[in-house]
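Please consult the sequence and the structure as you read.

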Amino acid sequence: MAKQTYQYDVLYLGCGHGTFDGAAPLAGKGVKVGIIEADKIGGTCPNRGCNAKISLDAPVALQRQLAELNPILTGQTRLNWDANVAHKNDVIGGLPDMICGLLEDSGIDVIHGYGRLVDAHTIRVDAETYTAENIVLATGLHPHRLDIPGREFLHDSTDFMDLPTMPKRLTVIGGGYIALEMASIANAAGSDVTIVLHGDKALRAFYQPFVEQVLSDLTDHGVKILRETTVTAVTHEADDYELTTDTDQTLTADWILDATGRNPNTADLGLDEVGVDYTDAGITVNDHLQTSVDNIYASGDVIAKDQPRLTPTAIFESMYLMHTFAGETTEAIDYPPIPTVVFTSPRIAQVGVTVDQAQADPDHYTVVKNHIPDDWYRQVTQETTGDNALIYDADHHLVGVTEVSAQAADVINTLLPAITFKYGPAELERLVPLFPTIGADAWGEI
Ligand SMILES: Cc1cc2nc3c(=O)[nH]c(=O)nc-3n(C[C@H](O)[C@H](O)[C@H](O)COP(=O)(O)OP(=O)(O)OC[C@H]3O[C@@H](n4cnc5c(N)ncnc54)[C@H](O)[C@@H]3O)c2cc1C
Ligand SMILES: NC(=O)c1ccc[n+]([C@@H]2O[C@H](COP(=O)([O-])OP(=O)(O)OC[C@H]3O[C@@H](n4cnc5c(N)ncnc54)[C@H](O)[C@@H]3O)[C@@H](O)[C@H]2O)c1
């Protein structure tokens, strides 16, 4: 119950997955909850992240699947970009109201506006102040923008997913999740795509031989990839944008995506004034997600952390805080293995111990590799590319999987419980999956 001196037991700043998944059940337990949001309710994932992206990608993945079935299925499909964006807008358009309704129905006060800490128990929104016993900072990330002449001509992923027409020539700067996913979608929509990498690698956190398969696939489909090339300036003349590089190449584009990363939203929150510690990597927390100010916590992408900055991580943290505030736990947060996937065609996905970690410690780990096209079930859909690597510990428990293939995400999701709960032969024998399916196929591999 709210202490008399405060309006709320818990007040959240930001309303993404780092907040709302835990806030709704928390309010359901009789805790007085408020949420302050400056933009769309739901935050990045539903409005300008995962949901928007996967809707735009669905026809891309399907088109690839159809192409693999040639000559069984013949005829060309064409991706209609305007219709794809309109469909995406239909799919995600109702989400903010839906999430807001759910929160309000749980008894939560949803406050619209930009919030700043005034003191350890108070947040100001415009002329109003709101007080709480505990505060959760869940303000997320914003796109990094290259600091070069002509930076005003660069765009971010939100702009990309709202493009009214697909540009003829599109340059992508960066080699991370956003760069490769958007490049893959633009390529399928008919754009002449160039990816500029400032180093020689893309997706550095993933097993590089598998990443190279994704890059080869993109080049096979006409994408140009420039490595060890730094963009130093952008100019605009007539309808063209010219990119100058440190390799003395000049690139011409109709549209440029700056996909050079995302930075924590820590500025202009009053953190310095109130004494909340943070670095360039985000807000500093202990293993209870508590900041340097006892009653102020952080959740989601804005935390400085080693875990992948993903929606499921943010949900896990918001649920952990829900249990903490409800008095159901005093334990430290204990992250399970968190899988991650890049939605290119083919997908690349991984969870648990990586191939590089396993190969560096051969006394403890064994790596078993499989070539996807050799597998009878993948031959059904004529998958021509793909590999996976299964990592076992000394007791022959599965502790990691990495896969590059059209179905990599479903394979990892299927095998995840074996890794999280350390299934042994007895548990595996009692698993009876539907057959023939990708799930049965995945279990058949281990
Ligand atoms: C293009 C893109 C694609 C992605 N695809 C995937 C994917 O496929 N799978 C996946 O797992 N993850 C994906 N992600 C990552 C995922 O979106 C984030 O991990 C997740 O949204 C983090 O949630 P959050 O609550 O921490 O932050 P956010 O969802 O960013 O929420 C933070 C909220 O705080 C608000 N806010 C900030 N400052 C203030 C303030 N002072 N006052 C009031 N409100 C404030 C913001 O407006 C925002 O709504 C993607 C991200 C992007 C950008
Ligand atoms: N499928 C998914 O789950 C998914 C999809 C999109 C985004 N996300 C999340 O969103 C976040 C942001 O993704 P992202 O792709 O923006 O970041 P990222 O960190 O994955 O990639 C940033 C890329 O920019 C490059 N880069 C950095 N500075 C540069 C510079 N000065 N010049 C040129 N290149 C530079 C890096 O080398 C890297 O390739 C990630 O944390 C990710 O977890 C997840």
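Two residues are in contact if their C-beta atoms, placed from the backbone, lie within 7 Å. The model is a predicted one, in which local features need pLDDT of at least 70 and side-chain atom pairs count only at pLDDT 80 or more, whereas totals for chains, interfaces and linings use all residues. Residues are numbered from 1 along each chain as its sequence is written, and chains are lettered from A and ligands numbered from 1 in the order in which they are written.

Q: Which residues make up domain 3 of the protein chain?
A: Domain bounds come from an automatic or database domain assignment. Domain 1 is given as 8–143 + 263–325 and domain 2 as 151–260. Domain 3 is given as residues 346–444.

Q: Which element gives the largest share of the side of domain 1 that touches domain 2?
A: In this pairing, 12 residues of domain 1 are in contact with 13 residues of domain 2. H3 and helix H4 (81–93) each give two or more residues to the domain 1 side, helices being DSSP runs of H or I with at least four residues and strands runs of E with at least two, numbered from the N terminus. The largest share, six residues, comes from H3.

Q: How many charged residues are on the side of domain 1 that touches domain 2?
A: Ala, Val, Leu, Ile, Met, Phe, Trp, Tyr, Cys and Pro count as nonpolar, Asp, Glu, Lys and Arg as charged, and the others, Gly among them, as polar. On this side of domain 1, seven residues are nonpolar and one is polar. The number of charged residues is four.

Q: How many polar residues are in the shell around ligand 1?
A: Ligand 1 is surrounded by 33 residues, a residue being near a molecule if its C-beta atom, placed from the backbone, lies within 6 Å of it. Gly 14, Gly 16, Gly 43, Gly 140 and Gly 300 are the closest. The shell has 13 nonpolar and five charged residues, and its polar residues number 15.

Q: Between which domains does ligand 2 lie, and why?
A: Ligand 2 has 22 residues around it, with Gly 174, Gly 175, Gly 176, Tyr 177 and Ile 178 the closest. Helix H7 (177–188) and strand S19 (340–342) each give two or more residues to this shell. Because both domains give residues to the shell, ligand 2 lies between domain 1 and domain 2.
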